[in-house]
Amino acid sequence: MTAFTNSSESNMYVYESGDATTYTLLKGPAYTPPTGLIRDPSVIKHTDGHYWIVHTTNWTGNTIGFARSKDRVNWQFVANHTLPTTGLARTWAPEWFVDEDGSTHVIVSLDTTNTYTFRPHLLTATDRTLRYWTSPKPLAGLDRSNYIDTFVVRHGGTYHAITKQETTKYLEHAVADRLTGPYTFTGTGDWAGWGSWREGPALVRLPNGGWRAYFDGYAEKRYYYSDSLDGLRTWTPIRQLPGLTGFARHFTVLRENA
């Protein structure tokens with residue numbers, strides 16, 4: 001798990017767990033970028049053998065930040081990538097998505113009107129170094145309202161997006177046959193019973209074939225999780241994440257087999 005915390009938006013903490021519930025600190029702070037913030041650090045294990053994070057660099061601006069590590073403990077700044085999007089005021093909450101064909105993508109929330117209205121956009125790495133990226137393109141079907149913190153997984157040949165409706169503060173569910181969309185909403189409002197004022201969803205596959213969703217109850221300063229065993233259709237009642245609720249913020253979890 002890579003997270004920022006309630007106590008610092010410029011330091012990343014790294015945790016590990018054997019059961020996706022009880023997390024222990026591996027190192028914290030583990031990484032501080034040269035400048036700016038490290039909000040919303042999203043983690044993958046890349047084909048080069050490194051762990052990579054992508055993160056929000058500032059409250060305003062047009063960049064996302066990258067860092068990498070061989071051991072999850074010692075991290076190295078790679079670059080801040082500038083998005084060539086006209087009128088880009090805010091670039092928030094980038095999330096990795098690695099498709100089944102190995103292609104590597106970042107889904108990021110962009111405000112191009114300077115009104116705190118966000119649209120999820122897709123960037124695709126054009127080589128294995130993860131230093132060169134396509135221009136951001138809106139995700140069709142998710143670009144017609146104010147959606148932020150979009151996290152995508154693939155299940156049963158379908159792309160599933162869990163995304164925050166920024167106006168209502170609910171986490172909603174949309175599906176598509178292609179990563180680029182068009183996405184159709186199958187769950188809106190309080191469809192999963194998670195309540196409102198939720199953000200920063202992150203999903204991880206469980207050993208039993210189900211999915212675990214983590215999300216930030218930021219108004220309450222609590223962190224929650226919920227499980228689905230039927231292909232992301234229905235979810236268990238929310239529970240607080242022991243040990244980290246009230247401290248960790250907007251993280252992602254990478255599952256690795258020992």
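Strands are taken here as DSSP runs of at least two residues in state E, numbered from the N terminus. The structure is a predicted model, and on this assignment strand S2 (8–17) and strand S16 each supply at least two residues of the lining of the second largest pocket. Of these, S2 makes the largest contribution to that lining, with 4 residues. The pocket has a volume of about 520 Å³ and is lined by 24 residues, among which Ser-17, Val-253, Leu-254, Arg-255 and Glu-256 lie nearest its centre. By class, this lining comprises 14 nonpolar, 4 polar and 6 charged residues.

The largest pocket has a volume of about 700 Å³, and its lining is made up of 29 residues, with Ile-44, Trp-96, Phe-97, Val-98 and Leu-254 nearest the centre. Two or more residues of this lining come from each of strands S4 (39–45), S8 (90–98), S12 (147–155) and S16 (199–205). The residues lining the largest pocket divide into 14 nonpolar, 7 polar and 8 charged.

Elsewhere in the model, strand S6 (residues 63–69) is mostly covered, with 6 of its 7 residues buried. S6 runs antiparallel to strand S5 (residues 51–56), to which 6 bridges join it, and it also pairs in the antiparallel sense with strand S7 (residues 75–82) over 7 bridges. Within S6, Arg-68 is the bridge partner of Trp-52, while in S7 the bridge partner of Arg-68 is Gln-76. The hairpin of S5 and S6 has 6 residues between the strands, and Gly-61 there takes a positive phi near 120°; the hairpin formed by S6 and S7 has 5 residues between them, with Arg-72 in the turn at a positive phi of about 70°.

Technical notes
Residues are numbered from 1 along each chain as its sequence is written. This is a predicted model: local features need pLDDT of at least 70, side-chain atom pairs count only at pLDDT 80 or more; totals for chains, interfaces and linings use all residues. Side-chain values use heavy atoms; hydrogens and water are left out. Buried means under 20% relative accessible area, exposed over 50%, partly exposed in between (1.4 Å probe, protein chains only). Two strands pair if DSSP finds at least two bridges between them. On a 1 Å grid over the protein atoms alone, a cavity is a set of points where a 1.4 Å probe fits but cannot get out, and a pocket is an open set with protein on both sides within 12 Å along at least five of seven lines; lining residues have an atom within 4 Å of a point. Grid points are joined across faces, edges and corners, and a volume is the space filled by probe spheres set on the points. Ala, Val, Leu, Ile, Met, Phe, Trp, Tyr, Cys and Pro count as nonpolar, Asp, Glu, Lys and Arg as charged, and the others, Gly among them, as polar.
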